[in-house]
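Hi there,

Here is the structure I promised to pass on to you. Could you take a look at it and then read my notes below?

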Amino acid sequence: MTTVPSSTTTSAALLLRDFSLEMTGKDTPKLRSAGRLIPQGTRINVTYLGNEDLSMRLTAARAVKDGGFVPVPHVSARRLVSRQELEDFLTALRDDDTQSDLFVVGGDPARPHGPYSDSLDVIRSGLPHRYGVRHIGMSGYPEGHPQIPRAALWSALEQKAAFLASEGLAADIITQFGFDADPVLAWIEELRERGVDLPVRVGVPGPAGVRRLLSYAARFGVGTSTSIARKYGLSVTNLMGTAGPDRFLHTLAQRYDAAVHGEVKLHFYTFGGLDATSTWIDDFRTKEGLK
């Protein structure tokens with residue numbers, strides 16, 4: 001007897017097709033063991049942290065490429081101390097042939113360390129395009145940003161999308177992670193109403209300890225009310241426990257409508273657990289009949 005897949009399973013399969021992952025320079029050794037579970041050609045973002053240097057970032061991007069994956073190095077605009085630092089980074093990426101995809105974010109510093117106040121400044125500089133970048137990722141904030149007004153977030157995103165289109169560069173949007181699918185889908189609907197049709201990669205937290213997840217959520221302004229925590233499967237009374245995104249993905253798959261939301265995929269924030277996240281994705285795809 002042939003099993004007819006449910007609409008939820010079909011949607012989950014669509015969302016998990018061509019998922020992406022995030023890692024830091026410190027995760028490079030873990031990539032060797034996790035790589036056996038990650039489909040070849042998967043996009044893997046390499047973060048731009050203040051406590052990592054150029055060598056670590058380049059080594060990580062090179063390891064991603066050597067593993068058969070697509071490296072997506074990050075640039076943190078406000079961490080750049082000069083135009084020359086950006087050019088040096090882009091030159092090194094080009095020399096390693098890891099420059100075709102780039103993710104540009106404003107970054108954590110409240111005040112810029114150099115000439116770039118936000119990601120739009122870096123994109124408008126024209127340097128990424130000049131050094132061979134062909135695809136640029138940008139951030140989306142379904143639940144807003146702790147330091148940036150919502151109107152400013154929308155304005156910047158729309159300006160970036162328009163500029164990249166005028167330059168003939170491909171682009172996508174990666175959202176900040178969250179625990180509630182409803183604001184994510186509502187945000188994507190507003191994005192489409194504003195005329196932005198870029199692919200969206202919904203940020204999903206990989207499996208991690210409850211304490212760690214709540215800590216990251218507080219840092220990035222992600223909602224963690226009792227009702228949201230319960231919906232996601234977090235136990236605010238058991239901080240020693242762990243939680244995965246099973247419920248979040250099922251809800252997202254149930255309510256995702258390609259005709260309304262357009263092209264949507266998943267991006268997993270691994271929080272240092274590249275092995276654990278890769279294993280979870282592989283197990284989830286097997287359990288849901290997606291392999």
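**Where strands 7 and 10 meet**

R201 stands opposite K265 in strand 10. Strand 7 (residues 200-205) and strand 10 (residues 264-269) run parallel and are joined by 6 bridges; helices (H or I, at least four residues) and strands (E, at least two) are DSSP runs, numbered from the N terminus, and two strands pair if DSSP finds at least two bridges between them.

Before going on: this is a predicted model, where local features need pLDDT of at least 70 and side-chain atom pairs count only at pLDDT 80 or more, while totals for chains, interfaces and linings use all residues. Residues are numbered from 1 along each chain as its sequence is written, and side-chain values use heavy atoms, with hydrogens and water left out.

Now the wider picture. A barrel is closed by 8 strands in the order 1-2-3-4-5-6-7-10, with parallel pairing.

Helix 8 (residues 181-193) lies across strand 5 (135-140), strand 6 (170-175), strand 7 and strand 10, at about 165 degrees to strand 7. Axes here are lines fitted to C-alpha atoms, for helices over the stretch in contact, and angles run from 0 to 180 degrees between N-to-C directions; contact means heavy atoms within 4.5 Å.

On the helix 8 side, A181, D182, V184 and L185 meet F248, T251, L252 and R255 of helix 11.

Happy to chat about any of this!

Best wishes
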